[in-house]
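Okay, thanks for coming, everyone. Let me put the structure up on the screen and we'll walk through it together.

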Amino acid sequence: MSRTTAKEDPITISEVASIAQRKLPSNVYDYYACGSDEQQALRRNVREFDRLLVRPRVMVDVSSVDTSTSLFGVKYPMPLGFAPSAMQRLVGENGESDVAAAANELGLNMTLSSQSTTSLEDVSRENDARPDSPDWWFQIYLTQDLERSLPLIKRAETAGYKALVVTVDTPVLGNRINERRTPLVLPSHLRLANFESASTPALKERKPTMNRLFMDARTLKDAQSIAAVAGPTMHSSSLTWETTLPWLRKVTNLKIILKGVMTAEDGRLAVEHGADAVVVSNHGGRQLDCAPSTIEALPEVAEAIAGRIPVIFDGGIHRGSDIFKAVALGAEFVLIGRPVLWGLSYKGKEGVQVVCNILEREFYRTMALAGVTDLSQITKASLAVARRDTFGLSRL
């Protein structure tokens, strides 16, 4: 949908996205909307959902459809949470606070990015201390010197976050062409609130982070020089199954969720080394551009894990039927990132709620038309794909 035809009373996620594209500065919109290299993984994340067809069932009593689910013993109205995304005050004035308030009012799970423009303590205060408050999680990039990450982990514990979402797919940043052409830096009135206190003097001019400078290195010599200067503050490129999980278990009692698992091999290793859950994610198409879409990777990860720990899904969801398809292929829960940002841009907290309400109604409707009344009935039997070599459908 073009910028001029986007509706101001949106009824689809695509319409919300069109409004966001019109309202946001182009460099901000592109920062969040674009992927790496030729953006093939970004497009596959959405396109491959369309290959999956839902098999309608009829003459089933669907007068009462239950979209709720439980994760780690907490009940949610639907299997949907908010993925971590950085610097949300660039998108809406109150940023993470509005997103958190929306999550709280809807009873939804959310993960706060460590790169937030509102401190983790301030965000946690948006979660009412009522008995049915949803669990919130905190995302972190571990640094080369793991001990430098420890204060942030302890702050998340103290603030009441229930899980640590460890991003494991960024030993280096993907080749994000738009960021290299037009580096996005925070304006002087904003700060990375988990690393800069309110009393930190405002900077007249900010520079790209060392991780982004490293991404733009043109030669091996340039990369080595940047890495030498950045030292232990850069994202860790030396995480291992044998050392990282034991260290995390030693320093925190939070649940450990590994975000960025895309293969059966890593799914099995996550279970063997004691992860509490994995997120099947290709970082929104922002890392390896020739990686498969997340919906393509989901079945092999889910099969390898075989129900031993929760499999969470992230990437490409923009319709309620996408949630249905992910659940059918083995996800117990799904996360949305960009749709939350588009809602935030559209109308702050209310806009985020609009996005969630759209997805809930679409998910409910898909369940009803597929003849299922609760999530346990959503299986591969609900799906098919069109045959490529002849006419008709192939069951999954």
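This is a predicted model: local features need pLDDT of at least 70, side-chain atom pairs count only at pLDDT 80 or more; totals for chains, interfaces and linings use all residues.

Residues are numbered from 1 along each chain as its sequence is written, and side-chain values use heavy atoms, with hydrogens and water left out.

So, the big picture. We've got 14 helices and 13 strands; those are DSSP runs, H or I of at least four residues for helices and E of at least two for strands, numbered from the N terminus. The radius of gyration is 21 Å, close to the 21 Å from the globule rule for 396 residues, so the protein is as compact as a globular protein of that length. That radius is taken over C-alpha atoms, and the rule is 2.2 Å times the number of residues to the power 0.38. Along its principal axes, the C-alpha trace spans about 65 × 50 × 50 Å.

How much of the protein is buried? Buried residues make up 55% of the 396, where buried means under 20% relative accessible area with a 1.4 Å probe, protein chains only.

Now the core. A nonpolar core here is a set of buried Ala, Val, Leu, Ile, Met, Phe, Trp, Tyr and Cys residues joined through side-chain atoms within 4.5 Å. The largest one has 98 residues, and Phe-82 and Trp-342 touch the most other members. Helix 14, residues 338-370, gives the most to this core, with 15 residues. There's also a second, separate core of 13 residues, including Tyr-76, Val-165, Ala-277 and Phe-333.

On to helix 6, residues 150-159. Which of its residues are buried? They're Leu-152, Ile-153 and Ala-156. After helix 6 comes Gly-160, with a positive phi near 100°.

Last one: helix 12, residues 294-305. Its buried residues include Ile-295, Leu-298, Val-301 and Ile-305. Seen down the axis, the buried residues of helix 12 fall within an arc of 160°, so they line one face. Just after helix 12, Ala-306 takes a positive phi of about 55°.

Technical notes
Buried means under 20% relative accessible area, exposed over 50%, partly exposed in between (1.4 Å probe, protein chains only). The arc is that of the directions from the helix axis to the C-beta atoms.
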